[in-house]
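Thanks for making time. I will go through one model today, starting with the overall layout and then moving to the contacts between side chains.

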Amino acid sequence: MSQPYISTRADGPEHSIWFETRPRHLAGGGDPRHITQALRAAGWKNHSDPDYPHVVLASPDHRHTVALEPETSSYAAWWRIQAHGDHGQWYATFGGNTPVEILAGLTDALLKPVPKTAPEIWPTLAWAGWSYERDEHGNETATHPDTILSLRRRNVEPAESFFWTAEATLPTGLGGHERIWHAYFDDRMPPHLIAAFTRALALDEPVQRRHYDVPHSHLVTQLQNGPQGEQLAAAHEVRLKTVRATARKTRRTALAAQTTPSTMTAVPARSR
């Protein structure tokens, strides 16, 4: 018996008209499969309840988990990324309007070996034209030229601990701000992961969105001159192929690091 055709947002890109959307940080969440299918291609296991509208993925070694649970408000924490176990515990959360292309900067970095040296964070944004401030309490803030997007590292007194936030907000005209999306990072998070997210945050490349998928259409420019259906599907397959290759290389590197070279037992010389 043939299955009935049901039109859903999970349909392939061939079923939509796509618009090249700028700036990317105001383009809306996008297709979560940009992240979830990439993680599964890297060997992460799906622990979701098929009768509940969420996605729960765990890395092969169970050290990291990614959960996507849509909330009633797109500004709430839809994405939760956590580290577990003796190698360090941390967590990060992201609102539903966080573009998946930016969030993927972090999730893709989870699939790669940890770099030997911690990469820079603030210079990446400075090179992209962001302003930078540090106050007398040690709080640091970088602001996008449009003043809507910012990255902050805040000091929590008196514990001398820090936390990171990234957010896109609009002034309300009454001294307050309307939040478009918000991200929170535990300061125990490895610096290379925050740096990976920051690099994705600094990019100005457009992303593909449907015409009515952006949360604030008056803040973006959408042009129907980018890749469409089959091109987007092909690009996604290339992404998954690259992720699989990266995951295999990372596993081989980890295995080689755990393998100690065999020691040669010295054979005593015969006495004459």
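The secondary structure here comes to 5 helices and 13 strands. Keep in mind that this is a predicted model. Along the principal axes, the C-alpha atoms fill a box of roughly 95 × 70 × 35 Å. The protein has 272 residues, and 40% of them count as buried.

Aromatic contacts next. The count comes to 7 aromatic pairs. Take F94 and F185: the ring centres are 5.5 Å apart and the planes are at 80°, which is over the 60 degrees needed, so the pair is edge-to-face. This pair links distant parts of the chain, with F94 in strand β6, residues 90–95, and F185 in strand β11, residues 177–186, 91 residues apart. F94 and F185 are both buried.

F94 also pairs with F197. Here the ring centres are 5.7 Å apart and the planes are at 45°, so this pair is tilted. F197 lies in helix α4, residues 191–202, and F94 in strand β6, so the pair ties together parts that are 103 residues apart in sequence. Both F94 and F197 are buried. Elsewhere on the aromatic list, Y91, F163 and Y184 form one cluster.

Now the salt bridges. Side chains of opposite charge can pair when their charged atoms come close. How many salt bridges does the structure hold? The number is 12 salt bridges, and I will pick out a few.

One of them joins R9 and D213, with the closest N and O atoms 3.3 Å apart. That pair links distant parts of the chain: R9 is in the segment before β1, while D213 is in the loop between β12 (207–209) and β13 (221–223), 204 residues apart. R9 counts as exposed, at 62% relative accessibility. D213 is partly exposed, with a relative accessible area of 23%.

The segment before β1 also contains G12. G12 is partly exposed, with a relative accessible area of 23%. The C-alpha atoms of G12 and L232 are separated by 9.3 Å, and these two residues are 220 apart along the chain.

Back to charges, and to E167, which has two partners to discuss. R152 forms a salt bridge with E167, the closest N and O atoms being 3.2 Å apart. R152 sits in strand β9, residues 149–156, and E167 in strand β10, residues 161–171, so the bridge ties together parts 15 residues apart in sequence. E167 also forms a salt bridge with R179, where the closest N and O atoms are 3.9 Å apart. R179 lies in strand β11 and E167 in strand β10, so that pair ties together parts 12 residues apart in sequence.

Is E167 buried or exposed? At 15% relative accessibility, E167 counts as buried, because the cut-off for that is under 20%. R152, at 21%, counts as partly exposed, and R179 is partly exposed too, at 38%.

There is also a network of salt bridges, which links R134, E140, R153 and D187.

Last item, the surface. R244, R248, K249, R251 and R252 form a positive patch there. K249 has its place in helix α5, residues 229–258. With 55% relative accessibility, K249 counts as exposed.

That is the end of my list, and I can take questions now.

Key: Residues are numbered from 1 along each chain as its sequence is written. Side-chain values use heavy atoms; hydrogens and water are left out. Patches are made of residues with over 30% relative accessible area and no salt bridge: like charges are joined within 9 Å, nonpolar side chains (Val, Leu, Ile, Met, Phe, Trp, Tyr) within 5 Å. Accessible areas come from the Shrake-Rupley method with a 1.4 Å probe; for residues, only the protein chains shown count as cover. A salt bridge is a side-chain nitrogen of Lys or Arg within 4 Å of a carboxyl oxygen of Asp or Glu. Lys and Arg count as positive and Asp and Glu as negative; His and the chain ends are not counted. The place of a charge is taken as NZ of Lys, CZ of Arg, CG of Asp or CD of Glu. Helices (H or I, at least four residues) and strands (E, at least two) are DSSP runs, numbered from the N terminus. Buried means under 20% relative accessible area, exposed over 50%, partly exposed in between (1.4 Å probe, protein chains only). Rings of Phe, Tyr and Trp (its six-membered ring) pair if their centres lie within 6.5 Å; planes under 30 degrees apart count as stacked, over 60 as edge-to-face and the rest as tilted.
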